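Please read the following briefing alongside the sequence and the three-dimensional view, which are shown next. The notes after the view are grouped by topic.

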Amino acid sequence: MVKKELSKAFEPQDTEKRLYDYWLKKNLFHARDKSKAKAFSMVIPPPNVTGMLHMGHALNNTLQDIIIRFKRMQGFNTLWMPGMDHAGIATQNVVEQALAKEGLSRHDLGREKFIARVWEWKEKYGGVIINQLKRLGCSCDWQRERFTMDEGLSQAVREVFVRLYEDDLIYQGDYIVNWCPRCHTAISDLEVEFKQEASCLWNIGYPLADGKGEIIVATTRPETMLGDTAVAVNPKDKRYKDKVGKYVILPLVNKKIPIIADDYVTMDFGSGAVKITPGSDPNDFAMAQRHNLEIITIMDGRGIINDKGGIYKGQDRYEARKNVVDDLEKGKYLVSTEPYSHSVGQCYRCKTDIEPMVSKQWFVKIKPLAKQAIEAVVKGNTKIVPNTWEATYFEWMNNIRDWCISRQLWWGHRIPVWYCGGCGKVIVSKVDPDKCTACGGTSLKQDEDVLDTWFSSALWPFTTLGWPKKTSALKTFYPTSLLITGFDILFFWVARMMMMGIYVMKDVPFNDVYLHALVRDEKGDKMSKSSGNIIDPLVMIDKYGTDAFRFTLAAYTAQGRDVRMSPERIEGYKFFVNKIWNAAKLTFANLADYNERKVVKSKDSLPDKWIKAKLNKTVEEVTANLNDYRFNEAAAAIYRFIWHEFCDWYLELSKPVLYGKESSGQRRAAQRTLHDVFKISLQLLHPFMPFVTEELWQVLTKSDKNSIMVSSFPVCNKKWKNAKVEKEMQFIMDIITSIRNIRGEMQIPPSRKLQLLISASDSSSKKIVESGKNYIIIMANLEELKVDVNLAEPKGVATGVIGSTKIFVPLAGIVDIAAEKTRLGKELARVEKDLQQSSKKLANRDFLERAAANVIKKEEEKLKEFQEHHVALEKALIKLSEISA
C-alpha cells in the first residue's frame, strides 16, 4: 500500500531495503534474451570473492548503475551482468592464513582437500560484496550471477586454452619471470608494483685472469654475483676495446667468466662495465640468449641460496647479501660503497620484494593478438573515454611482452595439460584424458600449475553469456555496449579482454570503454590505513543514505580527474535529498485536489512557461551528458534545476497562485505545471538517486504497480521551448536579485517593505516589468513599484543596474545614512586591526616553523575572512557616500 502522507524527512534506513526488495520482487532488473527492444549490455568488473566494498567499488558501480537505469528508462533491453572473480592468490592466501591458525599448511591437507576447503570458505564467507552492492542500489540481473570458477566458465577457459595452443599461440619454455618468494608463484609484469628504496651501490673489482689489472663493476644486488656468467661492456667503449674476449676471475667463486660486448650496456653508468647474471635479471637473461651464456639459478622459490651458491647455501637472500659484502671487503675486492636510491619491484598482493627467476612457465604469444586489438581502437570499433588514454593503450600494446599465464598455486583453473609417464607425450585437451593419445598408456599426470586469474577474467564478456554454446543471450548482448572500469586495470584486464574477445568471437568485447579515475581524500591524497583517511562507503550510506552518497560520487566524477571525497561533501548532498523531500511535501499538498486526467483550459503563466522551458533544457543537457559519460555535468544540471530553478524560484513564484490568491483557472494551470515538472524531475533524477525518487513516484502516481525505473526517461518537448519567455523571466529575476542585494548591502531586514522605481531602457523592457510586476512585488517584498522609460536618478537612493535598466530604492526613512556610516567606520577599523594582526602572524617565520599545519591553515582561513569582510565594508561605505553626495 502506498503512503498518502510523507514523513517529516526522508528516512533511508526505513526505505531502501523495502524498495530494493520491491524491485527484486517485480523482477525489474532482469533482461530478456529475445526482445524487439534494442539491447544495451554491460559486464560488471567482477570483484574478488574475498572483497569488501571500498570507495573504488562504490564509484565504479554507482556509475554503472546510473547508466543502466538511464538506458532501461530509455526503453533498451538492458543487461548488467554481475559476478565475482575467484582471485587466485588473494583467496588462497586467506584460506592459508585460516589454516595457519589451526597449525596447518596446505601441504598438510594436500591439493584436493585444500581446494575443497577453499570452496567451503567461498560458500560461507565469499560474496559478502554482492550484498553490499545491493545496498548501493545496483540493478544487476542477479539471476545471471556468474563466478569465474563455475562449471560453465571453467569449460570455456579450457576451450580457449586449447584453441590458443593449437593455433601455436601458447607455448611452454624456460624464461625469466617475476617470482614472489612469499606467494611461491610467478606473477606477470603488471602485478609488480615498484617502490623507491634507499640502498647502496657496491663497486666491485673483478681481477683480469691474466693478472694485468681489474674491471670494476657496480651493483645494487651483490649476492647475485654468485650466478654471474660474464662481464659486459659497450662495443663502442674505447676503454675496454682490448679487453673484449678476455676473462676475469669471479670474486668469491674463483671462476673464469668472459668479457663480452653488447649494445645494451650504457657507457655512462658506473665504470661502463656490468656484471651479467642471467638467472636473476631479465635484461641479463636476454643478453645471455644473444651470447649463448650459461644460465645459473642461485636461489630456490623461497629466496634461499641453493647449492649453486657455495658456502652461502641455506642463507636468506638478504643475509647472503650482507655476508657477500663482508667477504668482498675481507678479500679486498670491494672498491667503494655509495648511497643509491632505486626502484624495487614488489608483489602487488603481499608486498614482498620479487625475485627475477628462470623457470619453466606457460606463455601466450601475445604480439599477434595485440595487433588486432590495436587495430580495433584505431578503426573506432572500440572507443576509449577519455580519449587521452588511447595513447597509453597504444604505447603498451605496441611494446607488449609475451604473457606468463602459469601460476604455482592450487586455487584456480588448472592448466589442461597432461604428461604421459610412459612415452613423455604432452597432451593438451578440453576434457580429462583417460589414456595417452600416442602410446595408449594410462600413467598420466596433469600439470601442477593453474592459470593466471586474469586469463579467465579476459574471457568474461562472452563466457558469462554462455560461450562456447551459441546462446540467445550471446547473440543478443555481445558485443557489450559499454565497459566502465578504473584506468588502473586498463592493461591487466581491458587490453586482455580486447585481445581475447577479438580472437575468440571475431569481434570487440565492447563498443565503449569509460575509464574513471581514483577516489582520493578531499586534499587529493591517496586513501590508506596508515594515513587514517579511508572513507568506508557502508558507514557513509548508514549515516547519510545511499542516494546522497551516490549523487556525491557522480557530482565529483569529471573525466580524467581524480574524485576528491569527504564526509562533508556527502552531507551536503544529504541536504539536497532533504530539499527534494520538502519540495515534494509542498507539491503533494497543492496537488491534493488535482486530477491529471481532467483537461485544464487555462493558459500557463509566465513562471509556468519559464520552468517548462528550463526543464526542457535540463532534459537535453542531462541526456547529452549521460550519453557522453560526463557524470558530473549531468548531476550539476539536475542539481541546478531542482534546487535553484524549481525550488528557489518556481515554487516561490507559484505560492500565491497555489494558495488561492488568484483565479481558480490560474491555479489549475499552476497545478498542471507543478505536477508535470515534478514528475519529470523525479525521472531525470532517478538514475542518480533511485530510492528517494521511487518513494516519491509511488506517492505522486498513487500506486506501486509501475516503478519509476520502467517509466520513460524524459525527452525534449518542442512545445515547451521558449527562448523569449526565458529571457523575460531572467530579466524579472535579475531585478528581484538586485533588490535583495541592496537589502543585504544596506542591512535592510527582509520583512521591511520598500518603494521601488525602475528606469527601463526602452518600452519593451517597461512592458516586461509591467507584466511581471506582481512577481517582483511579492518576491522582493515591495510596498509599491513604479516603472517608466529613462527616469532620472533621484537623490537618496540605492541603485542597481541590470543591463541598460536601472532600479532605485529610496532609503529615506529606511536607512539613517549618517549613523550607518559611523557604524561601518567603527567596524572597518576593528577589521583592519584583525587583518594587521593576522598578516603579521603569518609573516612570522618562528610561527610558520613551530605551529602545526592545521593551526597555520586555520590562521590562513581567518586572514581570508578578514580580507573579504574588509572589501565588503569598504564597498558599503562607498555606496553610502555616493547616496549622501
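The crossing of helix 19 and helix 21 is left-handed, a term used where the near helix is turned anticlockwise from the far one by less than a right angle, with clockwise giving right-handed. This is a predicted model, in which local features need pLDDT of at least 70 and side-chain atom pairs count only at pLDDT 80 or more, while totals for chains, interfaces and linings use all residues. Residues are numbered from 1 along each chain as its sequence is written, and side-chain values use heavy atoms, with hydrogens and water left out.

**Helix 19 and helix 21**

- The axes of helix 19 (residues 606–627) and helix 21 (residues 664–685) come within 10 Å and cross at roughly 15 degrees, which makes helix 19 roughly parallel to helix 21 (angles under 35 degrees count as roughly parallel, over 145 as roughly antiparallel, 65 to 115 as roughly perpendicular and the rest as oblique).
- Helices here are DSSP runs of H or I with at least four residues, strands are runs of E with at least two, and both are numbered from the N terminus; axes are lines fitted to C-alpha atoms, for helices over the stretch in contact, with angles from 0 to 180 degrees between N-to-C directions.
- Residues of helix 19 including Leu-615 and Val-619 meet residues of helix 21, among them Val-677 and Ile-680, where contact means heavy atoms within 4.5 Å.

**Helix 19 and helix 23**

- The axes of helix 19 and helix 23 (residues 723–746) come within 9 Å and cross at roughly 110 degrees, and the two helices are therefore roughly perpendicular to each other.
- This crossing of helix 19 and helix 23 is also left-handed, and the residues that meet include Trp-610 and Lys-614 in helix 19 and Glu-726 and Met-729 in helix 23.

**Aromatic rings**

- The count comes to 36 aromatic pairs, taking rings of Phe, Tyr and Trp (its six-membered ring) with centres within 6.5 Å, and calling planes under 30 degrees apart stacked, over 60 edge-to-face and the rest tilted.
- The rings of Trp-119 and Trp-411 have centres 5.3 Å apart and planes at 80 degrees, so this pair is edge-to-face.
- Trp-119 is partly exposed at 29% relative accessibility, whereas Trp-411 is buried at 1% (buried means under 20% relative accessible area, exposed over 50% and partly exposed in between, with a 1.4 Å probe and protein chains only).

**Leu-293**

- Leu-293, found in the loop between helix 8 (282–291) and helix 9 (317–330), is buried, with a relative accessible area of 13%.
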